[in-house]
Amino acid sequence: MTIPAFYFDGKTSRKYAVFLTVEDDTAYLTGDIDRQCPIGQLRVSERLNRAARKVTFPDGAYLEVQDNPAFNDLLAATRHRDSLVVRIQQNWRATLAALAALVAVVVLGYIYLLPAAANLIAKSLPVAVDRQIGQGTLEFLDRHMLAPTKLPAARREALIRRFRALTSPPEQWPQYQILFRHSKIGPNAFALPSGDIVLTDEIVLLLQDDDAIMGVLAHELGHLHERHLMRRLIQSSAIGAAATVLFGDVSAVIANIPTVLLDMKYSRDAEREADDYAIAMFKANGMSRAALASVFEKLGGHESGGKREDGKETDKAGGAAGMAAYLSSHPSSAERVQRILQAP
Ligand SMILES: [Zn+2]
């Protein structure tokens, strides 16, 4: 079998027309160049679609072979084995299996590795980063969704004083400030990575019971303690970053940022951790957990409409519609209330 090819010496760009034959495990070149080499010392490039294949000599000289079918016959005749990767690439079954394995790795990584990694990253990030992100978020919310509080200063100060006087749970006490805002999003409360715990006027007016308000604050402090929002941000950025690498689409990352900031939904696990923190805090202060449970009971009751404690019908702006905001990030359920009341 004789195959036409081009020979390059690897030093100049000059092209030599040659013929390649193989006999007794030795490759022979004839034509512009006469050369021979044991085939064991030759390196054959991977088989790629329609690209000329390259046969490299130990000294860097190489052949370009255009006639692929004939060359493949020659390789088969000389029992050349493609690397495992090439053989897998050419086998659709193996390709499918590899794809399935990749999907499994991504899914398992998403479920198990990503949260753990996000936790590690959140813990190793300097506090300044948390503060910056928190401040940026608050500025954004102040511009678009929040307004200065209308609660009397005395009322605000009393709530802050009351919370400050509470004993912390045995764990570390995260740094925090309590801020009040009038809101266009109804009764709500959230904690930003900067340590700002924002209470809307509406949730203070709605809950009325100060112990319940302490419960909301303790729960939000639990989110801060576990750095839940940072972990969520890191996780979503990681997914965005992975999407960028896989699909080359940067817009996925950019599109993601406002969603995460506004849609502060935590996982069930995060909610449970924050509840546990609040439970521990209530226990440490000898406070009734019924007040903590009442937050979710009350809000849950309002969600389905009905009467307020003062007997007035819930109005759309501050009542049922507003409730949805807090409840969407803090789903109320009988199970949750039970847990708060019965946790050891
Ligand atoms: Zn929560």
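Me: Where in the hairpin of β2 and β3 is there a positive phi?
Reply: A hairpin is read from its strands and from what lies between them. In this predicted model, the hairpin of β2 and β3 has two residues between the strands, and Asp24 takes the positive phi, near 50°. Asp24 is a residue other than glycine, and its place is in the loop between β2 and β3.

Me: Is Asp24 buried or exposed?
Reply: Read the relative accessible area against the cut-off: exposed means over 50%. Asp24 has 75%, so it counts as exposed.

Me: How do β2 and β3 pair, and which residue stands opposite Glu23?
Reply: For a strand pair, look at the sense and then at the bridges. Strands β2 and β3 (residues 26–31) are antiparallel, with six bridges. Glu23 has Thr26 of β3 opposite.

Me: What is on record for β1 and β2 in the way of bridges?
Reply: Five bridges join β1 (residues 3–8) to β2 (residues 16–23), again in the antiparallel sense.

Me: Which strands pair with β9, and in which sense?
Reply: Take each partner in turn. With β8 (residues 146–148), strand β9 (residues 177–183) pairs in the antiparallel sense over three bridges. Here Ala147 stands opposite His182 of β9. With β11 (residues 196–200), β9 runs parallel, and five bridges join the two.

Me: How many helices and strands does the protein have, and what share of its residues is buried?
Reply: The secondary structure comes to 13 helices and 11 strands. Of the 344 residues, 39% count as buried. Contacts can also be sorted by separation in sequence. Among those with a separation of 6 or more, 60% are between residues 24 or more positions apart.

Me: Which residues touch the most other members of the largest nonpolar core?
Reply: Start with the membership, then ask which members have the most neighbours within the core. This core has 36 residues, and those touching the most other members are Phe163, Leu199, Val204, Met214, Leu217 and Leu221. Helix α7 (residues 210–225) contributes the most, with eight residues. Apart from this core lies another, of 20 residues, including Val18, Leu29, Leu63 and Phe71.

Me: What does Val204 touch?
Reply: Leave out residues up to four places away in sequence, and Val204 touches Leu151, Arg155, Leu159, Phe180, Leu199 and Ile213.

Me: How is a pocket found, and what is the volume of the largest pocket?
Reply: Rolling a probe the size of a water molecule over the atoms shows where empty space is left. In this structure, the largest pocket has a volume of about 580 Å³. Of its 26 lining residues, Asp130, Pro174, Leu224, His225 and Arg227 are the closest to its centre.

Me: Which elements line the largest pocket, and how does its lining divide by residue type?
Reply: The elements giving two or more residues are α3 (92–124), α4 (127–144), α7 and α8 (228–247). Helix α8 gives the most, with four residues. By type, the lining divides into 12 nonpolar, eight polar and six charged residues.

Me: What is the phi of Arg227, and where is its place?
Reply: Read the backbone angle together with the location. Arg227 has a positive phi of about 50° although it is not a glycine, and its place is in the loop between α7 and α8. At 21% relative accessibility, Arg227 counts as partly exposed, because buried means under 20%.

Me: Which residues does Met230 touch?
Reply: Again without residues up to four places away in sequence, Met230 touches Ala122, Leu125, Val129, Asp130, Ile133 and Pro193. Met230 and Ala122 are 108 residues apart in sequence, yet their C-alpha atoms are 6.1 Å apart in space.

Definitions and conventions:
Residues are numbered from 1 along each chain as its sequence is written. This is a predicted model: local features need pLDDT of at least 70, side-chain atom pairs count only at pLDDT 80 or more; totals for chains, interfaces and linings use all residues. Side-chain values use heavy atoms; hydrogens and water are left out. Two strands pair if DSSP finds at least two bridges between them. A nonpolar core is a set of buried Ala, Val, Leu, Ile, Met, Phe, Trp, Tyr and Cys residues joined through side-chain atoms within 4.5 Å. Buried means under 20% relative accessible area, exposed over 50%, partly exposed in between (1.4 Å probe, protein chains only). Contact means heavy atoms within 4.5 Å. On a 1 Å grid over the protein atoms alone, a cavity is a set of points where a 1.4 Å probe fits but cannot get out, and a pocket is an open set with protein on both sides within 12 Å along at least five of seven lines; lining residues have an atom within 4 Å of a point. Grid points are joined across faces, edges and corners, and a volume is the space filled by probe spheres set on the points. Ala, Val, Leu, Ile, Met, Phe, Trp, Tyr, Cys and Pro count as nonpolar, Asp, Glu, Lys and Arg as charged, and the others, Gly among them, as polar.
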